[in-house]
Amino acid sequence: MRTKSLKKNKINVITLGCSKNVYDSEVLMGQLRASGKDVEHEAPAETEGNIIVINTCGFIDNAKAESVNMILEYADKKERGLVDKVFVTGCLSERYRPDLEKEIPNVDQYFGTTELPGLLKALGADYKHELLGERLTTTPKNYAYLKIAEGCDRPCSFCAIPLMRGKHVSQSIEKLVKEAEGLARDGVKELILIAQDLTYYGLDLYKKRNLGELLEALVKVEGIEWIRLHYAFPSGFPMDVLEIMKREPKICNYIDIPLQHISDNILKSMRRGTTQEKTTKLLREFREAVPGIAIRTTLIVGYPGETQEDFNILKDWVQEMKFDRMGCFAYSHEENTHAYLLEDDVPADVKQARANEIMELQSQISWDLNQEKVGKVFRCIIDRKEGGHFVGRTEFDSPDVDNEVLIDASKQYLKTGEFVDIKIIEATEFDLYGEAVVA
């Protein structure tokens, strides 16, 4: 029996995967709202609506499993009459549509990553070109993602993203500035620049790496106070960006640069186009050019052919580099990638043990770095109130993945979305505790 609270022709958009998918869902919802549709993001079950759109992730095994389970859950709800229609879009659908159509036929339609107009038509809406850059944001009001490019031209052996997202396509500086101005009018104060590869930005449009020029334009947008860089590639990094970062207070002294590994043998097999020596030199240049810069990276362990010696090289290097933030993942053997031709020869338990070992090492590094912050004052943005704390971040921390600053809400009242000077009074491995500095 359908519950009475289920609203007729209400669309519920569910997002799985990365910030690029969040952005895509926001664009979809902006288009739907402009067509007069009743749309919500991840509405609770009791009010979720009768039309479901699942924006899937197809990056690695765990993400694929989560996406498949979500599709199965809603295909079952449709079977039981709890929802009327189920549509699937995003990376998993792009990559495995024929298989999904065969295995889960109780979905109304599957769409790939570049088929927004078709999806909108299926939902009874028109694609409006004049809405370029406008969207219904799902993040807290004070920050938003700004996707500056789509796709990737890099040949990394382990990565399926080009299969799902296609070749690198930059958005123009004019379009991005217009989008940033719209976000600022809506109260957004922090822009998080995302792409599969920020380093490549502009090569297709401007015939040169043009991230620096984009940043120079974005810092002029009134109302935007922080600009954060996510997902830069180490090979060919445009070094003028560091000079701009140091000069412009709006650009956070922060960079997310996924390095994946450091053993030369593994880097070569991964087709990363760099070496341990070049990578180490680049990171030293980052720290010399922008003293105090926070560097976040991501590593993969258990890649085909990774020996204990390769892993030890990686471990020693992590200890030496002392990254401010890090994620470490067990290698996932992805079909149709170059690495799929190699034997996936590191056992699953060894992969996981290596990932745990790296994260244990990073946990100690993070603890040591955080203890150095105790007694210091940082400008923080307050994202939300949760339980008995206001939760904020420094410029050295990105939402959802990095440290948070917790302020006792019973002692001080703070406004969400505002910047506040916070003195750090205590620190753990991954969180800071502080109190607002009263002028």
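This is a predicted model: local features need pLDDT of at least 70, side-chain atom pairs count only at pLDDT 80 or more; totals for chains, interfaces and linings use all residues.
Glu248 and Arg247 form a salt bridge, in which the closest N and O atoms are 3.5 Å apart. Arg247 counts as partly exposed because its relative accessibility is 41%.

Proceed to helix α11, which covers residues 276–289. Select Lys281 and Glu285, both of which lie in this helix. They are 4 residues apart, about one turn of the helix. Their side chains meet in a salt bridge, with an N to O distance of 2.9 Å. Glu285 is partly exposed at 27% relative accessibility, whereas Lys281 is exposed, with a relative accessible area of 52%.

Then select Lys315 together with Glu357. A salt bridge joins these two side chains at 2.6 Å, N to O. This pair links distant parts of the chain, as the residues are 42 apart: Lys315 belongs to helix α12 (residues 308–321) and Glu357 to helix α13 (residues 348–371). Lys315 counts as partly exposed at 22% relative accessibility, and Glu357 also counts as partly exposed, at 36%.

For the last stop, select Asp24, Lys147, Glu150 and Arg165. Salt bridges link these four residues in a network.

How many salt bridges does the structure hold? The total is 34, and the pairs visited here, including Glu248 with Arg247 and Lys315 with Glu357, are examples to begin with.

Note on methods. Residues are numbered from 1 along each chain as its sequence is written. Side-chain values use heavy atoms; hydrogens and water are left out. Buried means under 20% relative accessible area, exposed over 50%, partly exposed in between (1.4 Å probe, protein chains only). Helices (H or I, at least four residues) and strands (E, at least two) are DSSP runs, numbered from the N terminus.
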